[in-house]
Amino acid sequence: MMSYEGYQDRILTCRDCGQEFTFTAGEQEFFATKGLTNAPSRCPECRKARRNGSSQQRSYGGSSEREQHDAICATCGKATTVPFVPREDRPVYCSDCFQEQRASRAPRSGGGGRGGRNGGRDRHDRDNSWDRDRW
Ligand SMILES: [Zn+2]
Ligand SMILES: [Zn+2]
């Protein structure tokens with residue numbers, strides 16, 4: 001039997017995320033034993049997040065330290081996550097393809113297969129000089 005006398009679950013609103021959370025009778029009693037009289041102003045998750053954010057974030061392998069958004073890689077179609085909100089007018093790449101993109105953007109020979117045909121006007125001059133340098 002629970003016997004938290006004088007304590008009743010209370011519904012509180014988190015000041016950080018605005019979510020309602022339960023300040024349970026047990027927690028209230030626990031608070032009381034610690035000499036805390038104020039109700040918590042944040043939900044357990046936000047409290048945990050704040051605690052982790054200050055000192056322990058590294059011990060968790062970083063799954064929640066930055067907000068990740070699901071996305072589909074524009075090149076290989078693999079599901080991936082990116083630390084920003086993906087937009088329709090911007091291709092999103094998984095980490096592998098992102099590295100490839102970066103590599104292929106560097107001025108290397110690379111076989112000259114696909115891509116590279118957009119933005120013809122601005123690139124033209126540069127491409128010419130590259131070409132002359134190289135060939
Ligand atoms: Zn919260
Ligand atoms: Zn990919």
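**Close-up views of the predicted protein chain**

**View 1. Overall order of elements.** Along the sequence, the protein chain runs β-β-α-α-β-β-α-α. That makes four helices and four strands. Helices (H or I, at least four residues) and strands (E, at least two) are DSSP runs, numbered from the N terminus. The model is predicted: local features need pLDDT of at least 70, side-chain atom pairs count only at pLDDT 80 or more, and totals for chains, interfaces and linings use all residues. Residues are numbered from 1 along each chain as its sequence is written, and chains are lettered from A and ligands numbered from 1 in the order in which they are written.

View 2. Strand E1 (residues 10-13) runs antiparallel to strand E2 (residues 20-23), and four bridges join them. Two strands pair if DSSP finds at least two bridges between them. Arg10 has Phe23 of E2 as its bridge partner. Six residues lie between the strands, and Gly18 in this hairpin has a positive phi near 80 degrees.

**View 3. The hairpin of E3 and E4.** Strands E3 (residues 69-72) and E4 (residues 79-82) form an antiparallel pair with four bridges. His69 is bridged to Val82 in E4. Between the strands are six residues; Gly77 in this hairpin adopts a positive phi near 80 degrees.

View 4. Of the 135 residues in the protein chain, 5% are buried (20 or more other C-beta atoms within 10 Å of the residue's own, with C-beta atoms placed from the backbone). Among contacts with a separation of 6 or more, 19% link residues 24 or more positions apart. A contact here means that the C-beta atoms of two residues, placed from the backbone, lie within 7 Å.

Definitions and conventions
A residue is buried if 20 or more other C-beta atoms lie within 10 Å of its own, exposed if 12 or fewer, and partly exposed in between; C-beta atoms are placed from the backbone.
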